[in-house]
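Biologist: Hi, I'm new to this one. Could you walk me through it?
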Amino acid sequence: MDTFSLAFFVLAFLIVASAIFVVSSKNIFHSAIFLILALSGVAGLFVMLHAYFLAAAQVLIYVGAISVLMIFAVMLTSRIADKEIRHTNEQVGIGLLISGGLLAVILYSLYNTPFTISDQPIAEGAGMTLGRLLLTKFVLPFEVVSVLLLAALIGAIIIARRDTKTGDSVPPRPIPLPKSLQQAKGESES
Amino acid sequence: MVSDFAAVAVFLIVGVGFVLFTLLLSKIFRPSDPNPIKQSTYECGEEPFGPSWIQFNVRFYIFALMFVIFDVEAIFLFPWAIAYQSLGLFAFVEMLIFISILLFGLAYAWKKGLLKWY
């Protein structure tokens, strides 16, 4: 087995194993951490496909930003780590059936697709080409992306601000006193 | 260019290996003598009580949201930076427009008092 295949199988194992941990972990925070691992593995796959810009975007946006957003959402939600809330899927049977069916369909179409292999060498310096195209031919879509991001930012602010206002008015959950302190309190009162 | 990433692989292997090796080494050499006082959370001499999992201030979320937006902006700086040498002033003006449109978003957040921590 050459180094390329070895790297692929290591990455594939990492992605699948951490993806299984994401859905099977009892603690939702651990799920988020394993999701970061799975997304990093996908970045590795992008590197192996010579898609360096995609790999950088994957690391910066998915591993860096989206996961931060998810971890913040977990940490900002009260009572999420409490034992009585189940976050594992209760319909494991149906889930397995559907994902197994999807896997079968994907495998079937993979085996029945005649993949043609190009004899062209892989274009190196794709980042340079991408940058040139973004700034010359596709300059309008490039600037529209900025407007789209602006709209997303303002929309997010408006939605999150409403939540913040109501969120601040909710009193924090009272922390139960330890047994020793409760006893001391009872003795001083009596 | 894929072979350039061999350095990344070496870094990953050495990084993960070092942590595992050190943990294994300390597990071999340290004495194991657990007791309830030793295992309790150290809190500057105070007796710890309550769960360590507290609800964080919702205000953190807005900072995370704004970070995501400006992170997406940052990813566009990479192809721009690579192609900058060959495009010159034209590329500079384009990126200036790109960033200044997003600056309106920052100004909006600032105006609405979202950057203030009170």
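Predicted model: local features only at pLDDT ≥ 70, side-chain atom pairs only at ≥ 80, totals over all residues.

Biologist: Which residues lie nearest its centre?
Modeller: Those are A:A7, A:L11, B:F5, B:A9 and B:L12, out of 26 residues that line the largest pocket. Two or more lining residues come from each of α1 (3-24), α2 and α3 of chain A, and also from α1 (6-29) of chain B.

Biologist: How many residues of each class are in that lining?
Modeller: The lining has 21 nonpolar residues and five polar ones, with no charged residues.

Biologist: Let's move to the interface. How many residues are in contact between chain A and chain B?
Modeller: On chain A there are 57 residues in contact, and they meet 52 residues of chain B. The two chains bury about 5,000 Å² between them, and 80% of that is on carbon and sulfur atoms.

Biologist: Which three residues supply more of chain A's buried area than any other three?
Modeller: A:L76, A:L135 and A:L153, which supply 13% of the area that chain A buries against chain B.

Biologist: And how many salt bridges or polar contacts are there?
Modeller: Between chain A and chain B the count of salt bridges is zero. Three residue pairs are in polar contact across the interface.

Biologist: Where does the largest share of chain A's side come from?
Modeller: From α6(A), with 19 residues. Other helices giving at least two residues include α2 (28-48), α3 (52-76), α5 (126-135) and α7 (179-189) of chain A. By class, the side of chain A that touches chain B has 40 nonpolar, 11 polar and six charged residues.

Biologist: Last topic, the backbone. What is the phi of A:H50?
Modeller: A:H50 has a positive phi of about 65°, although it is not a glycine. Most residues other than glycine have a negative phi.

Biologist: Where is A:H50 found?
Modeller: A:H50 sits in the loop between α2 and α3 of chain A.

Methods. Residues numbered from 1 in each chain as written. Chains lettered and ligands numbered in written order. Heavy atoms only, no water. Contact = heavy atoms within 4.5 Å. Buried area = accessible area lost by both parts, 1.4 Å probe. Salt bridge = Lys/Arg side-chain N within 4 Å of Asp/Glu carboxyl O. Polar contact = N/O pair within 3.5 Å; in protein donor to acceptor, adjacent residues only side chain to side chain. Helix = DSSP H or I, 4+ residues; strand = E, 2+ residues; numbered from the N terminus. Nonpolar A, V, L, I, M, F, W, Y, C, P; charged D, E, K, R; others polar. 1 Å grid on protein atoms, 1.4 Å probe; cavity = no way out; pocket = protein on both sides within 12 Å on 5 of 7 lines; lining within 4 Å.
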